[in-house]
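Take your time, look at the picture, and try each task before you read the solution.

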Amino acid sequence: MTLRRVRVATRVGVRQNNVAGTRISTKNRLLLSASVNAQPFDGATLGLDYTNFGLRTERERDTLRVSQVSQTIGITPGYTWQTGTLQQSATLSYRFQDVAQRNLTRGIDEATRNHDVSLTHTLAWPSGLSLATTGTFTKGLARDLDQTVRTLAETVSAALLDRKLRLSGTLSYNRIVL
């Protein structure tokens, strides 16, 4: 088995709001993202991604001096198949986010961790009508808060005007537990 297609994308950057050195308080940000999308064989896809966002404010007597780093990693496998004239696809997605924040003046550390899992099944007819059913589970953990969100959604979509316009509607049910 050989890979049919692979796409790799990366971005790295540093952002600073005080390049001229004229401000008392500065903010520096490190930005990093990488993603790999592959099609290992006909109908199958696999996506991997990682992002990092860091923020640090500097000032001698600023009570809001903060250091924050947010990292996210995700994996998304999918498969598409044909049943007669009906095209179907299924996609599973898992994403983990970790946010670490530190108040540099007071020395207080806080961490937030989120786990997101979703599963989507789509039916698409040649007429341009499609139905997508999605179930999502999110677990958020922080020092003083533990929450769970469950979502079930159905999206109906139709192509109109020779497929130049798409009309969609979604009905969803959310259950949030704190």
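**Exercise 1.** Does tyrosine 79 count as buried, partly exposed or exposed, and what is its relative accessibility?

Solution. Keep in mind that this is a predicted model.
- Step 1: The relative accessibility of tyrosine 79 is 37%.
- Step 2: Buried means under 20% and exposed means over 50%, with partly exposed in between.
- Step 3: Tyrosine 79 therefore counts as partly exposed.

**Exercise 2.** Find out how many aromatic pairs the whole structure holds, and describe them.

Solution. 
- Step 1: Searching the whole structure turns up 2 aromatic pairs.
- Step 2: One of them joins phenylalanine 41 and tyrosine 79, with 6.4 Å from centre to centre and 50 degrees between the planes, a tilted arrangement.
- Step 3: Now place these two residues in the chain. Tyrosine 79 sits in strand S4 (residues 66–83) and phenylalanine 41 in the loop between strands S2 (26–39) and S3, so their pair ties together parts that are 38 residues apart in sequence.
- Step 4: Tyrosine 79 also pairs with tryptophan 81, at 5.9 Å centre to centre and 20 degrees between the planes. Planes under 30 degrees apart count as stacked, so this pair is stacked.
- Step 5: Put together, Phe41, Tyr79 and Trp81 make one aromatic cluster.

**Exercise 3.** Classify phenylalanine 41 and tryptophan 81 as buried, partly exposed or exposed.

Solution. 
- Step 1: Phenylalanine 41 has a relative accessible area of 38%, so phenylalanine 41 is partly exposed.
- Step 2: Tryptophan 81 has a relative accessible area of 29%, which means that tryptophan 81 is partly exposed too.

**Exercise 4.** Which strands each supply at least two residues of the nonpolar patch?

Solution. 
- Step 1: Start with the patch itself, a nonpolar stretch of surface of about 850 Å². Its members include Val6, Val8, Leu46, Leu48, Tyr94 and Phe137.
- Step 2: The strands asked for are S1 (5–16), S3 (44–58), S5 (86–103) and S6 (108–124).
- Step 3: Take valine 6 as an example. Valine 6 belongs to strand S1, and its 47% relative accessibility makes valine 6 partly exposed.

**Exercise 5.** How many helices and strands does the chain have, and what share of its residues is buried?

Solution. 
- Step 1: The chain has 0 helices and 9 strands.
- Step 2: Of its 178 residues, 24% count as buried.
- Step 3: For the surface, the accessible area of the chain is about 12,300 Å², and carbon and sulfur atoms hold 57% of that.

Definitions and conventions
Residues numbered from 1 in each chain as written. Predicted model: local features only at pLDDT ≥ 70, side-chain atom pairs only at ≥ 80, totals over all residues. Heavy atoms only, no water. Patch = residues over 30% accessible without salt bridge, like charges linked within 9 Å, V, L, I, M, F, W, Y side chains within 5 Å. Areas by Shrake-Rupley, 256 points an atom, 1.4 Å probe, with all protein chains shown as cover. Salt bridge = Lys/Arg side-chain N within 4 Å of Asp/Glu carboxyl O. Helix = DSSP H or I, 4+ residues; strand = E, 2+ residues; numbered from the N terminus. Buried < 20%, exposed > 50% of the residue type's maximum accessible area, 1.4 Å probe, protein only. Phe/Tyr/Trp six-rings, centres within 6.5 Å; stacked < 30°, edge-to-face > 60°.
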